[in-house]
Amino acid sequence: MTIRHEMLPERPAPSLTVGPIAWLRANLFSGPVNSVFTLLGLYLLYILLTPTIQWAFINADWIGTSRDDCSREGACWVFVNARLPQFIYGLYPRAELWRPNVVFATFAVLIAWLAIPRLPFKRWVTLIALIGFPLFAYAMLYGGYFGLPVVETHRWGGLMLTLVLAVVGMVAALPIGILLALGRRSQMPIVKSFCVVFIEFWRGVPLITILFMASVMLPLFMPTGVSVDRLIRALIGITLFQSAYMAEVIRGGLQAIPKGQEEAAAALGMSYWRRMGLIVLPQALKMMIPGIVNTFISLFKDTTLVMIIGLFDLLGIVQAALSDSRWLGFAVEGYVFAAFLFWIFCFSMSRYSQYLERKLHTGHKR
Amino acid sequence: MSVRPQARPTGPKPPFWRDRAKRALIFQVLLIAAVAAFLLYIIGNTQANLAARGITTGFGFLERTAGFGIGQSLIEYSSQSTYGRTFLVGLLNTLLVSALGVLAATIIGFTVGIARLSPNWLIARLASGYIEIFRNIPLLLQIFFWYFAVLQALPSPRDSLTLSELVFLNVRGLFLPEPQFLSGFGLIPTAFAVAVVASIALVVWNKRRHEATGKRLPAGWISLALLIGLPFAVLVVTGVPVTWEVPELRGFNFRGGITVIPEFLALWLALSIYTASFIAEIVRSGIQAIPHGQTEAAQALSLPQGLVLRLVVIPQALRVIIPPLTSQYLNLIKNSSLATAIGYPDLVSVFAGTTLNQTGQAIEVISMTMAVYLIISLLVSLFMNWFNARVALVER
């Protein structure tokens, strides 16, 4: 009888249970049906991606100045390249482009500061972003202050206008939305019904009819002789629309705060606004951030509708560039470029909101 | 143990602004006054403006002759029809594209949503790629893409793409054969109605028998066979009283058959594909919301896989899915108003566009258009409330 005193050396696991082959077997070829689906999926991917990659990269033309530089075998990115300043800034005077650039940079810094959890002074930065930045951006973009020449709003356009519409709509809608949401939960019957009617009205109609209303009915509502800038009209429409959606998000957040919180604050003798401002809203707003980001994404996409009332946002200016007689026939390139920009913005925002949701939900998940 | 409320502490009566009830009253009176003042101000301005521009208010314009043509209408319409008629045509076109859009978006959305949960890695990735791409690109851009970049780039009628010389696709639209019903076709809808009644009776009887005796027939399959088989049998017996009118190329365009205008195609494709990406996410989260224990418990009761899905997973998932799903349907209906950007003759394009421009009756036209969408929204919310009350979990 032999007794072995040392352990046998570990043998590697069978190659069929670990490593890439096992992964393939488990995830792609676990049965006949799955294998068929995998092959179908691969085929679909092949017929979709091959022509796309060939068109967009391999056969594409990247450098040049006019349409003669395009071989027409693939995408002609020359068109996008030549029009890039317009797509980004609209008809903003070329000599003044540093102004939107400064605003873009400030905006990026503020957003990054707010989005990165580790950075301090969140409350102050939020205040600056919500109050100081819009004033600063207005002074920079419109001009008329500090000796900057005035740039009329009809020269604004492209990605810049899209961002202006979305950010102003958002910032202006936030306080209105908070008031509406509080009003909807109010005990006062008239305040409550006013808020319900207001919210449901703007949520019930399409944005485009609101924009139509803002562009044809608003001038009728003003005193005779007063004319409102077209951009302002669009902004009013967008703000009203967005505030209704915002109110519903905020109401959802308010409902998630246990009633005991408000009751405890009331027991301490706090007034309504102190209870709301110090106890309920700070907790609720934190939980609402993912929802707010989501409404911001839809607002960002919806700003494209302003082209129907004659403003040249990113999509509007691409559409206008497509009808330029020197560059006919590049519709796909123009749309793909606009779609790519929109996609980058929306996708990164939605990823951020998902990350926040995960971060905020850690304690509650089963 | 009961505690009697203490008497109010005596002392000087607090001023009225410390009394919550009075404060609420004052606040609400102020709100009403502010809203009323705002409305009066607007109405006054509007009247002054209308008078200055010489526009008469009222709905009389609906009786006047419109004088413009509309590319697609489900009811009799000519340029001699009234503005009231344009409203109806636009409304019906909106409802048509919305109904077909809801149908297609539901089918694509459920397919992609379920594929997203597939154990097959590649299929799940493809589905989530679809969702992430189409959800994050503005709908208007997608409509433009389909209309200007795809459908406008199709060949002219002479070089149409065709499916065995029956279906034609070209820059003027999609041309489908149209069924012409001969006499005797009336029997087929009748047969279908009979089949529907018979299936309902069968299902009810089967359920009662199942509860009483524990025996059951595969009622679903029998009903399906009835619903398809009976009309088909009648069709064959009566000698197929249908002919198909195939579209034909005459001159520069196709004549005959059903014409689907490219504006409709672009809008319908974009609406369905865009909304489907949201529906897919709703379906996925609805199914994922069912705890795995539910499935395991059902399997422990030795229910077959089909019944696990039908009796345990789907009814619970639907409770989570239906409310956001209805709001997506509502979004689709509202988004169909983007038709105006490519000239599909929907309510906003025909009525709030052309009619408004011709008559200048901004207030009436915009209010009528908004009222339509508001009524649709209200109806859908009523349905939602009814549904929520019906399926809500009955807790303690």
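**Two chains, their contact and their build**

In this predicted model, 46 residues of chain B are in contact with 44 residues of chain A, where two residues are in contact if their C-beta atoms, placed from the backbone, lie within 7 Å. On the side of chain B that touches chain A, the elements giving two or more residues are helices H1 (20-53), H3 (121-135), H4 (139-150), H9 (305-335), H10 (347-359) and H11 (362-391) of chain B. Helices (H or I, at least four residues) and strands (E, at least two) are DSSP runs, numbered from the N terminus. With 12 residues, H1(B) supplies the largest share of that side. By residue class, the side of chain B that touches chain A holds 33 nonpolar, 11 polar and two charged residues. In this grouping, Ala, Val, Leu, Ile, Met, Phe, Trp, Tyr, Cys and Pro count as nonpolar, Asp, Glu, Lys and Arg as charged, and the others, Gly among them, as polar.

Residues are numbered from 1 along each chain as its sequence is written, while chains are lettered from A and ligands numbered from 1 in the order in which they are written. Because the model is predicted, local features need pLDDT of at least 70 and side-chain atom pairs count only at pLDDT 80 or more, whereas totals for chains, interfaces and linings use all residues.

H4(B) consists of 12 residues and reaches 15 Å from its first C-alpha to its last, close to the 16 Å expected at 1.5 Å a residue; the expected span is 1.5 Å times one less than the number of residues. Is H4(B) largely enclosed by the rest of the structure or largely open? Nine of its 12 residues are buried, so H4(B) is largely enclosed by the rest of the structure. The buried residues include Leu139(B), Leu140(B) and Leu141(B), as well as Phe144(B), Phe145(B) and Trp146(B). A residue is buried if 20 or more other C-beta atoms lie within 10 Å of its own, exposed if 12 or fewer, and partly exposed in between, with C-beta atoms placed from the backbone.

Chain B as a whole has 11 helices and eight strands. Its radius of gyration is 29 Å, while a compact globule of 396 residues would have one near 21 Å. The radius is taken over C-alpha atoms, and the globule rule is 2.2 Å times the number of residues to the power 0.38. Along the principal axes, the C-alpha atoms of chain B fill a box of roughly 95 × 75 × 45 Å. Buried residues account for 29% of the 396 residues in chain B. Among contacts in chain B between residues at least 6 apart in sequence, 65% join residues at least 24 apart.

The domain assignment, which is automatic or taken from a database, divides chain B into domain 1 (83-163 + 261-390) and domain 2 (178-245). The C-alpha centres of these two domains of chain B lie 30 Å apart. A UniProt record (unreviewed entry) places "domain: ABC transmembrane type-1" at residues 91-384 of chain B. UniProt positions are given in the numbering used here, feature names are shortened, and annotations may be inferred rather than shown by experiment. Residues 91-384 of chain B are 69% helix and 10% strand, with end C-alpha atoms 23 Å apart. The record's "transmembrane region" annotation (unreviewed entry) on chain B includes residues 181-205 and 217-244. Residues 181-205 of chain B are 76% helix and 4% strand, and residues 217-244 of chain B are 68% helix and 11% strand.

Chain A, in turn, has 13 helices and zero strands. Its radius of gyration of 27 Å is well over the 21 Å that the globule rule gives for 366 residues, so chain A is more spread out than a compact globule. The C-alpha trace of chain A spans about 105 × 75 × 40 Å along its principal axes, and 33% of its 366 residues count as buried. Domain 1 (31-60) and domain 2 (151-314) are assigned in chain A, and 43 Å separate their centres, taken over C-alpha atoms. Ile3(A) sits in the segment before helix H1 (19-27) of chain A. Ile3(A) is exposed, with 4 other C-beta atoms within 10 Å, and 83 Å separate its C-alpha atom from that of Ile199(A), 196 residues apart along the chain.
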